[in-house]
Protein chains: 2
Amino acid sequence: MGGFGGATAVRRTAEGRYAVELDADYGFDEALNGGYLMAVLARAALDASAHPHPVATATSFLRVARPGPAELWVEPRKSGRTADVARVTLVQGDRPVVEALLTTGTLDGDAEPVYSASVDQLPPVGECVTFDAGNPARGFATQVDVRYDGATMGWLDGRPSGIPEMRAYFRLRQAYEPDGVLLALAVDALPPVVLNTGASGWAPTVELTWHMRAVPAPGWLTLHGRGRLVSDGWFDEEVEVWDSAGRLVAQSRQIARAGRNRH
Amino acid sequence: MGGFGGATAVRRTAEGRYAVELDADYGFDEALNGGYLMAVLARAALDASAHPHPVATATSFLRVARPGPAELWVEPRKSGRTADVARVTLVQGDRPVVEALLTTGTLDGDAEPVYSASVDQLPPVGECVTFDAGNPARGFATQVDVRYDGATMGWLDGRPSGIPEMRAYFRLRQAYEPDGVLLALAVDALPPVVLNTGASGWAPTVELTWHMRAVPAPGWLTLHGRGRLVSDGWFDEEVEVWDSAGRLVAQSRQIARAGRNRH
């Protein structure tokens, strides 16, 4: 099994223990993408639960995860008809690298919302813009196909809009229809929204919580990212993921450090 | 020490162990308020950290907490110049009741935002409405002073607006100026926003993550709550807390179960 399924595959080695091989193709240089790591956490939590959907994932990014072997520890905290809760820790070199409280549940694919907010449509896919971050032969850009609303990409040309927002279409380059695990990747797939307020450099996520809200339809996902406050070296980034049927399928908020240079 | 300080006071009993007496005055009948429990978690995490502010608190509500004695376990996961991260568990009757990943940091009270969103003003306090939930002689309403924007309170008169939103001024009834611990109470102080979409009954929070964004000024806080999707028995509720100086001081999102009757 290759592609996203293979890159996130976990192998159960004992009760509550899993092995994973972290894939450099889901990273930038040697730092792995946070959404990819959350997708791996979800695989382990779902394997250990009777429920099929990662309803809530509250994640602390403790250290930088590196490509290569890692271990996952799943510690059940509650088991219920509506939801299971587990503590899931990604361990590398005997140290906790990422830790999450992960709630799994069972969403009804045919549910009709009692209430749903709406969002503005993006321009058609064909009118959106793409770019390659760094070396296109390797890394995140070789795996995901992201088409940006040009109105939110002024930072690319050195003309940041001043508004921390970004919008894009999202899918994998391989054939892989959206599911709960791919939503983990989607909620952290945009470049940092603070690039539009003049920040540059690495913007490491400290904490990210995301919620799966509905079973996504096949096709493109759309990502609507914004921040509410950039201050004191911290910024928030909220991403809503909508599916091709026009339904809100995931929501996230992360708190991150703005504009630190990595080296 | 009485009031909110006393009700959230924790006593260190050993390395990483604290005792607390949970106060029925921060509950509804016998179920304690989630924000109160998060305030107690914050006290323990802050005591164990060199940093003074609860920057990120990602909380799973596993079981119903009851008034009376409880224990807090604080397990450090990372210690850093920018932030500490700890796992904090409230234990009652030998069972984990609430568990959080809690990030503490040091916010600069004089920071000038690089960017800040804005919100609509509420009507003046004197034009807002109040109500007593249940027995006014005891419980949450005896501790907090909440003045609601009448435009968001149609559900009180059986005329829910259909829009899951609620806005209010918030302070304690006692003299206690806002701080990071009070913000934990504030982010979960509104009635469930789904009361405005026709839901009734208990709406138990499954997961709530909140972020402290700035050091709050003295005076009233304002709470701006909304939900984006009510579907399949689940709803989200996001609350922004703004201070009397017009600054965004906290953000939260919770995922909860809609319209379950409690007994």
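**Exercise 1. Is Gln251(B) buried or exposed, and at what relative accessibility?**

Before the solution, two conventions apply. The model is predicted, so that local features need pLDDT of at least 70 and side-chain atom pairs count only at pLDDT 80 or more, whereas totals for chains, interfaces and linings use all residues. Residues are numbered from 1 along each chain as its sequence is written, chains are lettered from A and ligands numbered from 1 in the order in which they are written, and side-chain values use heavy atoms, with hydrogens and water left out.

Step 1: apply the classes, in which buried means under 20% relative accessible area, exposed over 50%, and partly exposed in between, with a 1.4 Å probe and protein chains only. Because its relative accessibility is 0%, Gln251(B) counts as buried.

Step 2: Gln251(B) belongs to strand E16 (residues 248-257) of chain B, where helices (H or I, at least four residues) and strands (E, at least two) are DSSP runs numbered from the N terminus.

Step 3: list the surroundings, with contact meaning heavy atoms within 4.5 Å. Not counting residues up to four places away in sequence, Gln251(B) touches residues of chain A, including Arg228(A), Glu238(A) and Arg253(A), and residues of chain B, including Trp210(B) and His211(B).

Step 4: look for a polar contact, that is, a pair of N or O atoms within 3.5 Å, of which, within protein, one must be able to donate a hydrogen and the other to accept it, while residues adjacent in sequence count only if both atoms are side-chain atoms. The side chain of Gln251(B) makes such a contact with the side chain of Asp236(A), at 3.0 Å.

**Exercise 2. Describe the surroundings of Leu107(B), and find which residues of chain A touch it.**

Step 1: Leu107(B) sits in the loop between strand E8 (95-105) and strand E9 (115-116) of chain B, and its relative accessibility of 7% is why it counts as buried.

Step 2: leaving aside neighbours within four places in sequence, the contacts of Leu107(B) include Asp232(A) and Trp234(A) from chain A, together with His53(B), Val55(B) and Met212(B) from chain B.

Step 3: for His53(B), which is 54 residues away from Leu107(B) along the chain, the separation of the C-alpha atoms is 6.8 Å.

Step 4: Asp232(A) has a positive phi of about 65° although it is not a glycine, and it counts as partly exposed because its relative accessibility is 24%.

**Exercise 3. With which side chain does Asp84(A) make a polar contact, and at what distance?**

Step 1: Asp84(A) lies in strand E7 (residues 83-92) of chain A, and at 11% relative accessibility it counts as buried.

Step 2: the side chain of Asp84(A) makes a polar contact with the side chain of Ser79(A) at 3.4 Å, and the side chain of Asp84(A) also reaches the backbone nitrogen of Gly80(A) at 3.0 Å.

**Exercise 4. Why does the radius of gyration of chain A agree with a compact globule?**

Step 1: the radius of gyration is taken over C-alpha atoms, and the globule rule is 2.2 Å times the number of residues to the power 0.38. For 263 residues the rule gives a value near 18 Å, and chain A has 18 Å, which is why the two agree.

Step 2: Chain A has three helices and 16 strands, and buried residues make up 58% of its 263 residues.
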